[in-house]
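The exercises below are meant to be worked through with the model open, each task being followed by a solution that goes step by step.

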Amino acid sequence: MARPVWAYRAGSRWRYLLRASDAIAQLAKSHVLLANAQKLAGLSSFDWNHANNQLAVNGELFSGRERRAEDGMLSLDRFWEIFAETDRAQVIKDVTASVEIYAPLQIDCQVIVTPEDIRYVRLQCETVVGMDGRPLWTHGTLQDITQRKRSEEETKRLAFYDGLTGLPNRIFFREVLAKTLLLAERESAFMAVLFLDVDNFKRINDSLGHDMGDQLLKEFSKRLGQCARKEDVVSRGTMIDGSDMVARLGGDEFILLLSHIKERFEAGRVAERILKACSHSIKIGDRELFASASIGIAVYPEDGADAETLLKNADSAMYIAKGKGRGRYQYYNAAMNESALLKLELDSAMRKGLERGEFFLNYQPRVDARTEKINGCEALIRWRHPERGIVPPGMFIGIAEESGFIMAFDAWVMNEACRQLREWEKRTSRWSPSR
């Protein structure tokens, strides 16, 4: 049955309907704007109802095929499943603790959007408590920080890793070594540092070019990783305390940190494996190269109790190994320090001695066996040190060759020998019968 519509009532009803329609349109627009803002910010949200352990969720992170929320709701168990297995236990522990003590929480972790799409997020949440002191709701957000995290990792890679080989660099290695030393001291454990230098690398680099030299270093670094003990790590990830690692210090110098050894001889076994691997040729393009290594070993604590001492002593041992013929390893011993200090002292003293006129030449005549006449002489350099007296050539010639100072000796010997020859010519001409 139709009812009469009073004009004054019809007008107010139409105005109410128009206002309601406008409010609904504004609300829908707000929802769209909020969704767009959340999407631009990479933000997803959740509201955990503690009465039924159901979560109202919203955002892209909850829309994956495997973790799709039905009607915007997830059970607590399914909510935990969105977090990567590597982080899940810690997330559950941290969020549960936050709810129990009603404290705000902020942590970084990984979530699974799809099996192929794993992202880094910053989880923030806070719990609302009822009058009875029990939790009612936990409100939280998950902000996608994947791009920021990747930028941080790239910055870290550039700062702590060698661009050519991908191995940790000197800075990273020193940090890990310092941590490992603290761990070894606390546990009264042994550890070792192996200092490696590629033999004849300069000759290969100069003769075949830097590109070939770079390829050789990359292959060499791979072999080092393969030769390390099973528990050793060619570190490429985050810093972890006490991890064994291979690092490139620069140029053709590498270092291997053995963080846990039971006996001193174990370091030698690793060195033997490296030398054996290096005995096989390395094929680069159509060339077959051989790159042996000289290895110096320093063991904590007897060869040094701090990072600087261990590295210095391993370096000294490596140079001794190289001097003995290359392609071998050498443990450090205290006598090497004395030898190194003597070399340093003599290197400095001979540079000053050349300026002070402490060097002189001995001339050894060369006699023709048939005529028994002198037909030349050999100039031999000698050093009259003000404190040590006459220093044998064997003590300083090798040092001069290693440091490059031998060039200065060569120039001085030539000048002095020519001066002496000219002096002899003057004397001969002065007493010649033709005069």
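**Exercise 1.** In this predicted model, find the residue that follows helix 11 and describe its phi.

*Solution.* Going past the end of helix 11, one comes to Gly404, whose phi is positive, near 85 degrees.

**Exercise 2.** Determine which residues of helix 11 are buried, and how they are arranged when seen down its axis.

*Solution.* Start with the helix itself, which spans residues 393–403 and has Phe396, Ile399 and Ala400 as its buried residues. Next, look down the axis of helix 11: these buried residues fall within an arc of 100 degrees, so they line one face of the helix. Finally, turn to the other side of helix 11, where Gly394, Glu401 and Glu402 are exposed.

**Exercise 3.** Describe how helix 5 and helix 9 are placed relative to each other, and which residues meet between them.

*Solution.* Two packed helices are described by the angle between their axes and by the distance between those axes. For helix 5 (residues 170–187) and helix 9 (residues 307–323), the axes come within 10 Å and cross at roughly 115 degrees. Because angles of 65 to 115 degrees count as roughly perpendicular, helix 5 is roughly perpendicular to helix 9. In the contact, Phe173, Arg174, Leu177 and Leu181 of helix 5 meet Ala307, Glu308, Leu310 and Leu311 of helix 9. Sorted by class, this contact has six nonpolar residues, no polar ones and two charged ones.

**Exercise 4.** State how many helices and strands the protein has, and what share of its residues is buried.

*Solution.* The protein has 12 helices and 16 strands, and of its 435 residues, 38% are buried.

Notes: Residues numbered from 1 in each chain as written. Predicted model: local features only at pLDDT ≥ 70, side-chain atom pairs only at ≥ 80, totals over all residues. Heavy atoms only, no water. Axes fitted to C-alpha atoms, helices over the stretch in contact; angles between N-to-C directions. Helix = DSSP H or I, 4+ residues; strand = E, 2+ residues; numbered from the N terminus. Parallel < 35°, antiparallel > 145°, perpendicular 65-115°, else oblique. Contact = heavy atoms within 4.5 Å. Nonpolar A, V, L, I, M, F, W, Y, C, P; charged D, E, K, R; others polar. Buried < 20%, exposed > 50% of the residue type's maximum accessible area, 1.4 Å probe, protein only. Arc of directions from axis to C-beta.
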